[in-house]
Amino acid sequence: MAAMENKVICALVLVSMLALGTLAEAQTETCTVAPRERQNCGFPGVTPSQCANKGCCFDDTVPGVPWCFYPNTIDVPPEEECEF
């Protein structure tokens, strides 16, 4: 009976981790975006703080591309910890 309870608990933990991992996956972002792939998030003359307040990234080191741009989403697969 105890072995069955452990399997149930492990399965519930795994399902919870997968659900939370999926939520975290959608929220994980990075400002590492190739200059040619940047999608404009600002306006001419936007400051770094104005850009950050919009939830965007700011990098003015590359001329001719948007300096205020949307971050990329990172796909992080959930980890499995339980073995049956």
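**Stop 1: a salt bridge across the chain**

Select Arg 38 and Asp 59. They form a salt bridge, with the closest N and O atoms 2.8 Å apart. The term means a side-chain nitrogen of Lys or Arg within 4 Å of a carboxyl oxygen of Asp or Glu. Side chains of opposite charge can pair when their charged atoms come close.

Now trace where each partner sits. Arg 38 lies in the loop between β1 (29–30) and α2 (48–53), and Asp 59 in the loop between β2 (57–58) and β3 (68–69), so the pair ties together parts that are 21 residues apart in sequence. Helices (H or I, at least four residues) and strands (E, at least two) are DSSP runs, numbered from the N terminus.

Is Arg 38 buried or exposed? Arg 38 is buried, at 7% relative accessible area. Asp 59 is partly exposed, at 23%. Buried means under 20% relative accessible area, exposed over 50%, and partly exposed in between (1.4 Å probe, protein chains only).

**Before you go on: what you are looking at**

This is a predicted model: local features need pLDDT of at least 70, side-chain atom pairs count only at pLDDT 80 or more, and totals for chains, interfaces and linings use all residues. Residues are numbered from 1 along each chain as its sequence is written, and side-chain values use heavy atoms, leaving out hydrogens and water.

Color the chain by pLDDT, the predictor's confidence in each residue, from 0 to 100. The chain's mean is 78, and 58% of its residues reach 70 or more. Select residues 17–26. Here pLDDT stays under 50. The model has eight contacts (heavy atoms within 4.5 Å) for this stretch beyond four places in sequence.

**Stop 2: another salt bridge**

How many salt bridges does a search of the whole structure find? It finds two. Select Arg 36 and Glu 37 for this one. Their side chains meet at 3.0 Å, N to O. Arg 36 is exposed, with 70% relative accessible area. Glu 37 is partly exposed, at 44%.

**Stop 3: the disulfides**

Show the cysteine side chains. The structure holds three disulfides, each a pair of cysteine sulfur atoms within 2.5 Å. A disulfide is a covalent bond between the sulfur atoms of two cysteines.

Start with Cys 31 and Cys 57. Their sulfur atoms are 2.0 Å apart. The link is left-handed, with -80° about the S-S bond. Cys 31 is partly exposed, at 47%. Cys 57 is buried, at 3%.

Next, select Cys 41 and Cys 56. Here the sulfur atoms are 1.7 Å apart. This link is right-handed, with 50° about the S-S bond. Cys 41 is in the loop between β1 and α2, Cys 56 in the loop between α2 and β2, and the two are 15 residues apart. Cys 41 is buried, at 5%. Cys 56 is buried, at 10%.

Finish with Cys 51 and Cys 68. A disulfide joins them, S to S 2.2 Å. With 100° about the S-S bond, the link is right-handed. Cys 51 is in helix α2 and Cys 68 in strand β3, 17 residues apart. Where does this pair sit, buried or exposed? Cys 51 is buried, at 0%, and Cys 68 is buried, at 1%.
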